[in-house]
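The points are grouped by topic.

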Amino acid sequence: MTPEQYVQEKAAASGSSFYYAFLFLPKPRRAAITAFYAFCREVDDVVDDAIDHGVAATKLAWWAAEVAKSFADNPTHPVMKALMPLCTTYGIEERHLQAVIDGCQMDLNQSRYLDYPNLQRYCHLVAGVVGEVAAKIFGQTDLKTTEYAHKLGQAFQLTNIIRDVGEDARRGRIYLPMNELQQFDVKAHELLKYDAKTVQPDFQPRFAALMTFQARRAHGLYDEAMQMLPPADFRTQKPGLMMASIYRSLLREIERDNFEVMTQRIKLTPLRKMWLAWKVQALGKV
């Protein structure tokens, strides 16, 4: 299997909304974003699949060293072999990849976030930086597009956090700011030990109020991002706008379902994702 085939399979296997946006890109840009996305999946999977904290930390350290070696012209992993020839063309720097690894390292070292500014640092590393690199690959021409990309990446990450509250809690993680749980009288143990059979009758109204607050923040970020996108880059950034349409539709679906995220993972169908992506590509409608 060639490095290019490896990253293609890695990206396709994820089933992510990002994949639908990639399909509309010209071949060279599609190759770059696919390789970069495969890198993000590799390091993220180190944490998501971790059983032993020490083993996961060792693997992340290996990836940090592999990135450093790759930028010194000695890549060994198929992902880095696929990505490195494209880095100069699309402005991908070592600091970008190391930042993504740093974000995953936060997942190993931290399972709670005291407040929103604390959470923002995490979102910057695992999503804002990813948005910055993606914008470059898509064909950014205006420096201000970087700010838009960071804001949009943060909106995506908050949407993921809202969608995955139950799944994360089962892994012992809570990404919702602790002071906001306190504000809405939702206890950490109610999330970590959630059981639909024994949950308190007033849990869902309290939880829904907390999640409505989170959703409004995410919607605000989507709105801010759209306002920040320079008109000159609207066409080049269509793949990111496709993702915005898909992710925001997912957020609205979660809201319509009254935030029933503790026991299920709410999804959009592949057909609906493709339709949303096509609307942005063909009609320019986000």
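In this predicted model, helix α6 (residues 94-109) and helix α7 (residues 116-138) have axes that come within 8 Å and cross at roughly 155°. That angle is over 145 degrees, so α6 is roughly antiparallel to α7. The crossing of the two helices is left-handed.

**Contact between α6 and α7**

- On the α6 side, the contact is made by R95, H96, A99, V100, D102, G103, C104, M106 and D107.
- On the α7 side, the contributing residues are R121, Y122, L125, V126, V129, V130, E132, V133 and K136.
- Sorted by class, the contact has 10 nonpolar, 6 charged and 2 polar residues.

**Cysteines and disulfides**

- A search of the whole structure finds 0 disulfides.
- For C40, the closest cysteine sulfur is that of C104, at 8.1 Å. A disulfide requires the two sulfur atoms to be within 2.5 Å, so this separation is too far for a bond.
- C104 is likewise in no disulfide, and its nearest cysteine sulfur is that of C40.
- C104 is also one of the α6 residues in the contact with α7.

- C40 has 11% relative accessibility. The cut-off for buried is under 20%, so C40 counts as buried.
- C104 has 3% relative accessibility and therefore counts as buried by that cut-off.

Conventions:
Residues are numbered from 1 along each chain as its sequence is written. This is a predicted model: local features need pLDDT of at least 70, side-chain atom pairs count only at pLDDT 80 or more; totals for chains, interfaces and linings use all residues. Side-chain values use heavy atoms; hydrogens and water are left out. Buried means under 20% relative accessible area, exposed over 50%, partly exposed in between (1.4 Å probe, protein chains only). Axes are lines fitted to C-alpha atoms, for helices over the stretch in contact, and angles run from 0 to 180 degrees between N-to-C directions. Helices (H or I, at least four residues) and strands (E, at least two) are DSSP runs, numbered from the N terminus. Angles under 35 degrees count as roughly parallel, over 145 as roughly antiparallel, 65 to 115 as roughly perpendicular and the rest as oblique. A crossing is left-handed if the near helix is turned anticlockwise from the far one by less than a right angle, and right-handed if clockwise. Contact means heavy atoms within 4.5 Å. Ala, Val, Leu, Ile, Met, Phe, Trp, Tyr, Cys and Pro count as nonpolar, Asp, Glu, Lys and Arg as charged, and the others, Gly among them, as polar.
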